[in-house]
Amino acid sequence: MPEFEDRARCDAPPEEVWKLLYDPARFPDWWAGVGSVERGQAGGYTMYPQGYPDFPMAQQLRVTESGVTISCLVSDLVFEWRLAMLDGGAATSITVHVEIPEAEAHRLAAQQDVISRSLSRLAALAAAEAA
């Protein structure tokens with residue numbers, strides 16, 4: 001199973017990053033390629049990729065003590081987002097671990113690009129909202 005990890009520093013407290021990370025309605029604001037989101041029940045939601053409003057993709061969001069895990073119920077990709085306090089709580093380390101099933105292995109490079117851009121956008125947005 002292909003997998004990778006990426007990380008970024010955010011000059012905002014973990015609470016500010018958390019507000020953006022645990023709320024699927026905010027994903028279009030920072031997650032590259034997410035066009036819109038519809039809330040579901042019990043951690044479920046539907047994501048519509050940017051440019052494909054007729055292509056619903058069911059997702060499951062699980063909140064744990066260490067972060068947020070998002071599982072795509074269509075393609076079985078798993079994104080585990082973790083936060084760690086830096087600089088006594090003034091900044092945050094954001095880490096994401098991505099698992100891609102063998103059937104989707106051809107998407108590895110594209111997912112690495114999407115996650116890299118999304119991390120940058122998440123960190124910038126959290127810092128801007130904290131300011």
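User: Let's start with the fold: of the contacts between residues at least 6 apart in sequence, what share joins residues at least 24 apart?
Analyst: Quick ground rules: this is a predicted model, where local features need pLDDT of at least 70, side-chain atom pairs count only at pLDDT 80 or more, and totals for chains, interfaces and linings use all residues. Side-chain values use heavy atoms, leaving out hydrogens and water, and residues are numbered from 1 along each chain as its sequence is written. Taking contact as heavy atoms within 4.5 Å, the share joining residues at least 24 apart is 50%.

User: How far apart are the centres of the positive and negative side chains?
Analyst: Lys and Arg count as positive, Asp and Glu as negative, with His and chain ends not counted; each charge is placed at NZ of Lys, CZ of Arg, CG of Asp or CD of Glu. There are 10 positive and 19 negative side chains. The centres of the two sets lie apart by 3 Å.

User: Which class does the Phe-27 and Trp-31 ring pair fall into?
Analyst: The structure holds eight aromatic pairs. The ring centres of Phe-27 and Trp-31 are 5.4 Å apart with planes at 55 degrees. Rings of Phe, Tyr and Trp (its six-membered ring) pair with centres within 6.5 Å, and planes under 30 degrees apart are stacked, over 60 edge-to-face, the rest tilted. So this pair is tilted.

User: And which class does the Trp-30 and Trp-31 pair get?
Analyst: Trp-30 is buried at 0% relative accessibility, and Trp-31 is buried at 8% (buried is under 20% relative accessible area, exposed over 50%, partly exposed in between, with a 1.4 Å probe and protein chains only). Their ring centres sit 5.4 Å apart and their planes meet at 25 degrees, so the pair is stacked.

User: Is Phe-27 buried or exposed?
Analyst: Phe-27 is found in helix α2, residues 27-30. Beyond four places in sequence, Phe-27 touches residues including Leu-20, Val-37, Tyr-45 and Ile-70. With a relative accessible area of 1%, Phe-27 is buried.

User: Which residues form one aromatic cluster?
Analyst: Phe-27, whose contacts include Tyr-45, is one of the members.

User: Where is Ala-42 found?
Analyst: Most residues other than glycine have a negative phi. Ala-42, though, has a positive phi near 50 degrees. Ala-42 is exposed at 77% relative accessibility, and it is found in the loop between β2 (34-39) and β3 (44-49).

User: What relative accessible area does Asp-87 have?
Analyst: Asp-87 is not a glycine either, yet its phi is positive, about 50 degrees. Asp-87 lies in the loop between β6 (78-86) and β7 (91-99). Asp-87 counts as exposed, with a relative accessible area of 52%.

User: How far apart in space are Gly-35 and Ile-70?
Analyst: Gly-35 lies in strand β2 and is partly exposed at 36% relative accessibility. Leaving aside neighbours within four places in sequence, Gly-35 is in contact with Pro-28, Tyr-48, Pro-49 and Gln-50. Gly-35 and Ile-70 are 35 residues apart in sequence, and their C-alpha to C-alpha distance is 16 Å.

Technical notes: Helix = DSSP H or I, 4+ residues; strand = E, 2+ residues; numbered from the N terminus.
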